[in-house]
There are 2 protein chains.
Amino acid sequence: MSGTDRTKGAVALEPAPVIILIDPQLGENIGMVARAMLNCGLTRLRLVRPRDGWPNATAEAAASGAAEVIEAVQLFDSTAAAVADLQQLYATTARPRGMVKQVVEPRLAARQIEGAIAGGEKVGILFGPERSGLVNDDVALADRVIEVPLNPAFRSLNLAQAVLLVGYEWFVLRASQDRTEPQRLDRGEAPLADKAEMINFFQRLEGALDDAGFLFPPEKRPGMVRNLRSLFGRLALTQPEVNTLHGIISALRDYEPPGEAPSAEVDRVFEK
Amino acid sequence: MSGTDRTKGAVALEPAPVIILIDPQLGENIGMVARAMLNCGLTRLRLVRPRDGWPNATAEAAASGAAEVIEAVQLFDSTAAAVADLQQLYATTARPRGMVKQVVEPRLAARQIEGAIAGGEKVGILFGPERSGLVNDDVALADRVIEVPLNPAFRSLNLAQAVLLVGYEWFVLRASQDRTEPQRLDRGEAPLADKAEMINFFQRLEGALDDAGFLFPPEKRPGMVRNLRSLFGRLALTQPEVNTLHGIISALRDYEPPGEAPSAEVDRVFEK
């Protein structure tokens, strides 16, 4: 799925949560995390003890298009240092092993984080190393654990996917604050047909169908007309589309089955 | 994020939407899509003209853990054939170029799909090739377009990520039907402390603080006690945690600063 429009600025999400990767192993994964973050309007990435050091050319290459996240990375040598300035901390892990923790889904976590940020707090989200996940001591630092609802028989996500799902919920929540409709009709520049145009079209259609003997018998005609008007009415047709439908009616009316004299057809077209 | 529990069966999501990849290029991406699908409890994958043919060893390797999706792949030589048995079709694309289409976000699409499936319809979701996306003719076949809300300045997702986000919304919706709380306290086997245990703890704590001269002056004591009880009360403590807190109080009370005779300390410990 593509469609990046570089003429549009990022949605202004700041202040936003900080993403903190503990002991990340592969530079490629760090780069993919940077991309997933920017997909979701998140730009503040902290790294704790990246295995291959920092800066990391592999991470930069994998972050293609998300250089602004990589360039702003902050490096730390301990989890405690990386979270020191935060008031609220979330850990992402499949299971808080042996600890008593609030476990929250990403959608609710997004609302909680939004509330904390609105209250002036700084919020961070911890992600553990690729294979092993967060160690208990890091989970213990967190106020809550985020658990992504996924098929319990197959929960394995890569690091960037985990960041993407958590960031996505955050982005949807924030974006929804500037927006009214989760569904819209994308009709480009074409204006919707007004009701006069629609009624004109209905009458044209019904006349053509009367001519063709379709709206028969007469006692059923009113119901058939209502059904047809409902059908076309719920399409929210644009003006060009209505014109197209007029053209279709004309074309169908003018069609004559093979076998009749083609000259007659031509004559009728020119009669109009 | 890991935590797959292979002792648990997949959530029973069938009937579920079919995922249809048009002209997928890289076997690795097909494998990653299979994993993202299984993360979300989706198992029915259709391929239209995969570039490197089918079966594809690269896809199988990349699908590690999601072999059941790969083994059930259906192969088609046209989009029309791949969607022929479906009543509802969604296209995923950043923008329905020049077409009048309902554009819907994944969360609402999940509800629509659920409704269609509940009504006995078969639903499919089209994903285009990695770089170019769906061609207009394929988008035209779809009833609606799914557009994932993402940072408009950086919308680029890989194929598996797009499948993951759309599938995630579907999974969350379906899973929520069997579930009550998006947040829960995971406390393992430990029972919550009952109120008698909490009150006993509060009295122990307050007694210790009275001894230490902390709850002073007397006219402020009731408010301080209420605040302390509120603080510990909202933790929803387990019995083991309450025992731990009792232990902390004992330990703190028994501590003596360095400089006193160590023998006195030892004596007091053994006195108990």
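How many bridges join strand 1 of chain B to strand 2 of chain B? Four, and the two strands run parallel. This is a predicted model.

## Strand 1 and its partners

Strand 2 of chain B covers residues 45-48.

## Burial of strand 1

Strand 1 of chain B spans residues 18-22, and five of the five are buried. The strand is therefore largely enclosed by the rest of the structure.

Which way do the side chains of strand 1 of chain B point? Val18(B), Ile20(B) and Ile22(B) point one way. Ile19(B) and Leu21(B) point the other way. Residues on both sides are buried.

## The β-α-β unit

Helix 1 of chain B takes in residues 27-39. Together with strands 1 and 2 of chain B, helix 1 makes a β-α-β unit. The unit is right-handed.

## Helix 10

Helix 10 of chain B has 16 residues, 239-254. At 1.5 Å a residue, helix 10 should span 22 Å. Its end C-alpha atoms lie 23 Å apart, which agrees.

Which residues of helix 10 of chain B are buried? Among them are Val242(B), Leu245(B), His246(B) and Ile249(B). These four cover an arc of only 100° around the axis, so they sit on the same side of helix 10 of chain B.

Note on methods. Residues are numbered from 1 along each chain as its sequence is written. Chains are lettered from A and ligands numbered from 1 in the order in which they are written. This is a predicted model: local features need pLDDT of at least 70, side-chain atom pairs count only at pLDDT 80 or more; totals for chains, interfaces and linings use all residues. Side-chain values use heavy atoms; hydrogens and water are left out. Buried means under 20% relative accessible area, exposed over 50%, partly exposed in between (1.4 Å probe, protein chains only). Two strands pair if DSSP finds at least two bridges between them. A crossover is right-handed if, with the strands pointing away from the viewer, the path from the first strand over the helix to the second runs clockwise. The expected span of a helix is 1.5 Å times one less than its number of residues. The arc is that of the directions from the helix axis to the C-beta atoms.
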